[in-house]
Amino acid sequence: MTSRPRVDSEVGPLRTVLLHRPGEELKRLTPRNNDQLLFDSIPWVDRAQQEHDSFAEVLRSRGVEVLLLAEVLTTALADSRAHAAGIRAAVDGRRLGDNLADSLSSHLSGVDAATLAHVLISGVTFEELPAAEGASLVRKMHHPHDFAVDPLPNLLFTRDSSVWIGDRVAISSLAMPARRRETALLDLIYAYHPRFRHAARAYGAHSAPVEGGDVMLLAPGVLAVGIGERTSPAGAESLARSVFADHLVHTVLAVPIAQARATMHLDTVCTMVDRDAFVMYPLARDSLVAYTLRPGHDGSLRVDGPEPFLHAAAEAMGVEKLRVIDTGLDPVTAEREQWDDGNNTLALAPGVVVGYERNVETNARLEDAGIEVLAIAGSELGSGRGGPRCMSCPIFRDSLDLP
Ligand SMILES: NC(=O)NCCC[C@H](N)C(=O)O
């Protein structure tokens with residue numbers, strides 16, 4: 001018997017998670033396209049898969065049910081409506097022109113669900129397009145390795161494309177063009193997979209950017225939303241209005257973060273490692289502030305602050321004080337380990353987190369503070385600039401009774 005999806009904290013015991021085992025889409029990365037596709041180098045794909053398999057194994061060994069995105073997508077695409085919608089979302093007439101678009105769509109309408117899932121994730125190059133009658137200027141003028149359908153190498157970071165808030169799922173509105181089509185796949189999964197199709201949506205039909213890496217359920221009823229390179233003020237405000245209207249939370253903390261690649265999401269700067277504790281980039285510790293948003297009368301919004309993030313968060317969570325694990329790192333080590341996702345941990349339970357093994361100093365300080373760190377290899381996975389929290393979308397966590 002599977003539990004119905006529900007997440008209301010960052011650290012409640014994790015029971016079910018959605019991961020994406022990286023595949024052929026990573027083989028599309030070249031030195032010519034890696035910047036645009038948001039990777040900092042070209043990963044060794046076999047090793048990335050081994051690292052990911054080990055990550056999944058660590059989770060399973062702690063009793064977590066691991067759902068793999070390609071498998072759940074394939075199940076969803078077995079529904080003919082999902083199959084047709086998946087093709088519509090991938091085949092772009094503006095890029096291909098009507099003739100090529102029609103021929104690709106009709107080819108894909110004849111493939112099985114697993115093949116379509118593969119195509120939707122890995123993309124299609126012009127040389128891979130099915131043969132068609134007659135000449136095509138579009139085909140002739142594109143390089144054979146140009147993408148007719150873009151690959152989605154960042155699907156690996158399942159945190160960003162959807163997020164469960166209580167018993168509702170919010171499909172993100174991703175900011176970067178290289179990631180926008182991910183939402184179409186998540187939309188199909190949650191609409192057509194038998195396990196999810198009855199789940200209510202949060203934040204439906206909004207277009208202002210919100211990415212899951214910026215969204216943190218600090219405690220039941222308290223949501224923090226980073227605002228920076230990815231999530232815009234308009235996105236945070238729309239999300240807040242939506243979750244207030246659905247009575248999912250009582251407070252949203254809007255947290256400005258530097259608009260830089262190193263700090264692309266709030267979870268690159270800090271993550272929760274216990275019900276009252278964060279691991280946090282030391283240079284952000286004193287500067288992080290929050291605006292406090294609460295529902296006003298008649299659908300209006302109250303906005304207070306800004307004030308120091310830790311004060312605002314403690315007050316909203318109803319705890320006296322929040323702890324920041326004192327990593328005490330020198331600025332250079334802190335900067336290096338922050339870049340390598342040292343602060344991007346995935347909590348499996350209060351005081352138990354998964355982190356990249358390479359962040360030796362941060363992990364040692366966490367252990368000193370009594371946090372159990374399950375260290376995983378991530379030399380290849382990290383080339384996309386994301387750590388264990390980025391690579392996981394919790395679908396069910398046991399609820400957390402605050403002290
Ligand atoms: N939550 C996260 O920080 N996710 C990492 C996303 C990395 C991906 N290459 C991106 O740039 O979107």
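**Labels and their grounds**

Visitor: What makes β13 and β14 a pair?
Guide: This is a predicted model. β13 and strand β14 (residues 301-308) are joined by 6 bridges in the antiparallel sense. Pairing needs at least two bridges, so the label holds. One of the contacts sets Val 289 against its bridge partner in β14, Pro 308.

Visitor: Why is β1 called largely enclosed?
Guide: In strand β1 (residues 14-19), 5 of the 6 residues are buried, so the rest of the structure largely encloses the strand.

Visitor: Which strands pair with β1, and in what sense?
Guide: Strand β19 (residues 393-397) pairs with β1 in the antiparallel sense, over 4 bridges. There, Leu 14 stands opposite Arg 397. Strand β2 (residues 65-68) pairs with β1 in the parallel sense, also over 4 bridges. In β2, Leu 67 is the bridge partner of Leu 18.

Visitor: What makes up the β-α-β unit that includes β1?
Guide: β1, helix α1 (residues 45-61) and β2 form the unit, and it is right-handed.

Visitor: Why does Cys 390 count as buried?
Guide: Cys 390 has 28 C-beta neighbours inside 10 Å. The cut-off is 20 or more, so Cys 390 is buried. Cys 390 sits in the loop between β18 (372-376) and β19.

Visitor: What does the UniProt record say of Cys 390?
Guide: An unreviewed UniProt entry annotates Cys 390 as "active site".

Visitor: Which residues come nearest to the ligand?
Guide: Of the 16 residues around the ligand, the nearest are Leu 38, Gly 213, His 265, Gly 386 and Cys 390. By class, the shell has 5 nonpolar, 6 polar and 5 charged residues.

Visitor: How confident is the predictor in the chain?
Guide: The chain's mean pLDDT is 94, on a scale from 0 to 100. Of its residues, 99% reach 70 or more. The model scores ipTM 0.98 and pTM 0.96.

Visitor: Why look at pLDDT at all?
Guide: Where it is low, predicted coordinates should not be read in detail.

Methods: Residues are numbered from 1 along each chain as its sequence is written. This is a predicted model: local features need pLDDT of at least 70, side-chain atom pairs count only at pLDDT 80 or more; totals for chains, interfaces and linings use all residues. Helices (H or I, at least four residues) and strands (E, at least two) are DSSP runs, numbered from the N terminus. A residue is near a molecule or strand if its C-beta atom, placed from the backbone, lies within 6 Å of it. Ala, Val, Leu, Ile, Met, Phe, Trp, Tyr, Cys and Pro count as nonpolar, Asp, Glu, Lys and Arg as charged, and the others, Gly among them, as polar. pLDDT is the predictor's confidence in each residue, from 0 to 100. A residue is buried if 20 or more other C-beta atoms lie within 10 Å of its own, exposed if 12 or fewer, and partly exposed in between; C-beta atoms are placed from the backbone. A crossover is right-handed if, with the strands pointing away from the viewer, the path from the first strand over the helix to the second runs clockwise. UniProt positions are given in the numbering used here, feature names are shortened, and annotations may be inferred rather than shown by experiment.
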